[in-house]
Amino acid sequence: MIMIMASKSSPHDLPDVSGLSIAVLGGTGDQGRGLARRFAMAGHEVILGSRSAERAQAVAAELGEGLPVRGMDNAGAAEAGDVVIVAVPWDGHRALLESLKDVLAGKIVVDCVNPLGFDKRGAYALPVEEGSAAEQAAAILPDSRVVAAFHHVSAVLLLDPEVEKVDLDVLVLGDDREATDVVRALAARIPGVRGVYGGRLRNAHQVEAFTANLISINRRYKAHAGIRITDI
């Protein structure tokens with residue numbers, strides 16, 4: 001197990017996470033590929049997970065020669081990563097986590113799934129029995145350290161080779177302060193990004209739901225908008 005060194009005296013101090021490997025479940029989708037690419041560019045070993053190991057391996061190769069990215073099935077990726085990002089479609093969220101409950105025990109699990117529906121009026125937040133996707137993950141994975149983050153990151157910007165810095169704050173929510181600090185530090189590994197503590201996991205619903213507002217903004221202005229938090 002990799003030790004995370006930290007000497008913190010203020011909320012702005014972050015632990016050293018440079019040696020952590022990152023698994024991305026659902027890593028062949030746009031958001032998963034984008035996050036994988038940026039973390040690999042920052043020097044992290046990245047393991048893409050997919051239902052198909054062959055598909056994951058092909059996408060890993062597509063991300064670029066020389067990047068430390070490899071592909072496995074979701075179970076293999078979950079076991080291999082120090083930190084595991086869940087970036088699967090909402091309709092497959094519960095089943096995937098239930099199947100990996102034992103593998104994910106003891107790990108920091110970062111849930112960035114947005115439960116959204118779409119109709120002729122646009123995107124809207126779906127009700128979740130547990131309150132949010134992140135709270136559903138925490139209920140399914142009682143032995144994991146669940147954190148909510150990376151909900152508002154544009155996959156288009158993450159994957160664009162012309163974009164060197166992403167102008168964005170990532171809201172990081174969770175009940176385990178050490179785990180949220182690790183995820184904040186990982187967010188900061190992407191140039192231009194800050195990880196900002198956004199509260200307890202019970203507040204993840206409005207963060208996930210706000211993605212619907214961002215989709216509306218981006219459609220109206222033909223943009224890839226994110227959020228910035230002022231005065232911190």
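**Close-up 1. What F39 touches in this predicted model.** Leaving out residues up to four places away in sequence, F39 touches I22, H44, V46, I85, F150, L186 and I190, where contact means heavy atoms within 4.5 Å. This is a predicted model, in which local features need pLDDT of at least 70 and side-chain atom pairs count only at pLDDT 80 or more, while totals for chains, interfaces and linings use all residues. Residues are numbered from 1 along each chain as its sequence is written, and side-chain values use heavy atoms, with hydrogens and water left out.

**Close-up 2. The aromatic pair.** The structure holds one aromatic pair. The rings of F39 and F150 have centres 5.9 Å apart and planes at 85°, so we call the pair edge-to-face. For the record, rings of Phe, Tyr and Trp (its six-membered ring) pair if their centres lie within 6.5 Å, with planes under 30 degrees apart counted as stacked, over 60 as edge-to-face and the rest as tilted. The pair links distant parts of the chain: F39 sits in helix 1 (residues 30–41), F150 in the loop between strand 8 (145–148) and helix 6 (155–159), 111 residues apart. Helices (H or I, at least four residues) and strands (E, at least two) are DSSP runs, numbered from the N terminus. Both F39 and F150 are buried; buried means under 20% relative accessible area, exposed over 50%, and partly exposed in between (1.4 Å probe, protein chains only).

**Close-up 3. The largest nonpolar core.** This core has 39 residues, and F39, L48, F150 and V170 have the most contacts inside it. At least two residues each come from strand 1 (22–25), helix 1, strand 2 (46–50), helix 2 (53–62), strand 4 (83–86), strand 5 (108–111), strand 9 (168–174) and helix 7 (177–187). Helix 7 gives the largest share, six residues. Apart from this core lies another, of 29 residues, among them A23, V113, I140 and L171. A nonpolar core here is a set of buried Ala, Val, Leu, Ile, Met, Phe, Trp, Tyr and Cys residues joined through side-chain atoms within 4.5 Å.

**Close-up 4. A23 and its surroundings.** A23 lies in strand 1 and counts as buried because its relative accessibility is 0%. Setting aside neighbours within four places in sequence, A23 is in contact with I47, A77, A78, G81, V83, V84 and I85. F210 is 187 residues from A23 in sequence and 25 Å from it in space, C-alpha to C-alpha.

**Close-up 5. S50 in strand 2.** S50 lies in strand 2 and is buried, with a relative accessible area of 10%.

**Close-up 6. Helix 5, mostly covered.** Six of the eight residues of helix 5 (residues 133–140) are buried. They are A133, A134, E135, Q136, A137 and I140. These buried residues pack against helix 4 (93–99), strand 5, strand 8 and helix 8.

**Close-up 7. The hairpin of strands 6 and 7.** Strand 6 (residues 116–119) and strand 7 (residues 122–125) run antiparallel and are joined by four bridges; two strands pair if DSSP finds at least two bridges between them. The two strands form a hairpin with two residues between them. Look for L116, which stands opposite A125 in strand 7.

**Close-up 8. Arginines over tyrosine rings.** R177 lies over the face of Y197, at 4.4 Å from the ring centre. In R220, the charged end sits over the ring of Y221, 5.8 Å from its centre. The cut-off: NZ of Lys or CZ of Arg within 6 Å of the ring centre and within 35 degrees of the ring normal.

**Close-up 9. Either side of helix 8.** N203 is in the loop between strand 10 (193–199) and helix 8 (204–221), and counts as partly exposed because its relative accessibility is 28%. The C-alpha atoms of N203 and A223, 20 residues apart along the chain, are separated by 27 Å. In the segment after helix 8 sits K222, with a positive phi of about 50° although it is not a glycine. D231 also lies in the segment after helix 8, and its phi is positive too, near 70°. Most residues other than glycine have a negative phi. K222 counts as exposed at 75% relative accessibility, and D231 counts as exposed at 79%.
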